[in-house]
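Work through the exercises below with the sequence and coordinates open. Each task is followed by a solution in steps.

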Amino acid sequence: MKLIAVGRMKDKSEQALVARYLKRLRPQLDVVELADGRGSPEEIKRREAQAILAACPQQAFLIALDEAGRCFDSPAFSAALADWSASGRPVCFVIGGAEGLDASVIQRADAKLSFGTLTWPHMLVRIMLVEQIYRAQAIAAGHPYHRSGRP
């Protein structure tokens, strides 16, 4: 699995939270950080889209984080992740930058995932996504993490 995210995570506490869950994931989740685009909002989205699509394997099952995507509860997300992983294609999550994802990335996506209609900082979305992937794996394995609510 791969996570392609626009922006470099600089805050040590944010890095620690992501690292906490990354080390627990099996299979591993490789994180690719892309530089923020520059220019007008349209130009930023276009440049970021080019970098995102170049970093994503062509045959990957691409899941775009987008407010218009599907909102899952944790058990449904666990089932969806199992289905996506069973597709035989590498699973690739994509988080855009401050301007959001370009239409070309949304069109390329095999699935769209939403954490609701609230606007979330993209660094927080990264933390939430990695934790939810871990939770999904715990649910699939019957691990008590999901039931206990404790990391």
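**Exercise 1.** Leaving aside its neighbours within four places in sequence, which residues is Arg-126 in contact with?

Solution. The model is a predicted one. Start with the location: Arg-126 is part of helix 5. Next, take the burial. The relative accessible area of Arg-126 is 1%, and buried means under 20%, so Arg-126 counts as buried. Finally, list the contacts, taken as heavy atoms within 4.5 Å. Once the neighbours within four places in sequence are set aside, Arg-126 touches Leu-3, Ala-5, Val-6, Gly-7, Met-9, Val-18, Val-31, Glu-33 and Ile-95.

**Exercise 2.** Determine how the buried residues of helix 2 are arranged around its axis, and what they pack against.

Solution. First check the length. Helix 2 covers residues 41-55, and its 15 residues at 1.5 Å a residue should span 21 Å; the end C-alpha atoms are 21 Å apart, so the two values agree. Then pick out the buried positions, which are Ile-44, Glu-48, Ala-49, Ile-52 and Ala-55. Viewed down the axis of helix 2, these fall within an arc of 130°, and therefore line one face. Turned away from that buried side are the exposed residues Glu-42 and Ala-54. The packing partners of the buried residues are strand 1 (2-6), strand 2 (30-34), strand 4 (91-95) and helix 4 (103-108).

**Exercise 3.** Repeat the analysis for helix 3.

Solution. Helix 3 has 13 residues; from first to last C-alpha it reaches 18 Å, close to the 18 Å expected at 1.5 Å a residue. Its buried residues are Ser-74, Phe-77, Ser-78, Ala-80, Leu-81 and Trp-84. They cover an arc of only 165° around the axis, so they sit on the same side of helix 3. Asp-83 and Ala-86 are exposed, on the face turned away from the buried side.

**Exercise 4.** At what angle do the axes of helix 3 and helix 5 cross, and which residues meet?

Solution. The axes of helix 3 (residues 74-86) and helix 5 (residues 122-141) come within 8 Å and cross at roughly 85°. Angles of 65 to 115 degrees count as roughly perpendicular, so helix 3 is roughly perpendicular to helix 5. On the helix 3 side the contact involves Ser-74, Pro-75, Phe-77, Ser-78 and Leu-81, which meet Gln-132, Ile-133, Arg-135, Ala-136, Ile-139 and Ala-140 of helix 5. Sorted by type, the residues of this contact are seven nonpolar, three polar and one charged.

Conventions. Residues are numbered from 1 along each chain as its sequence is written. This is a predicted model: local features need pLDDT of at least 70, side-chain atom pairs count only at pLDDT 80 or more; totals for chains, interfaces and linings use all residues. Side-chain values use heavy atoms; hydrogens and water are left out. Helices (H or I, at least four residues) and strands (E, at least two) are DSSP runs, numbered from the N terminus. The expected span of a helix is 1.5 Å times one less than its number of residues. Buried means under 20% relative accessible area, exposed over 50%, partly exposed in between (1.4 Å probe, protein chains only). The arc is that of the directions from the helix axis to the C-beta atoms. Axes are lines fitted to C-alpha atoms, for helices over the stretch in contact, and angles run from 0 to 180 degrees between N-to-C directions. Angles under 35 degrees count as roughly parallel, over 145 as roughly antiparallel, 65 to 115 as roughly perpendicular and the rest as oblique. Ala, Val, Leu, Ile, Met, Phe, Trp, Tyr, Cys and Pro count as nonpolar, Asp, Glu, Lys and Arg as charged, and the others, Gly among them, as polar.
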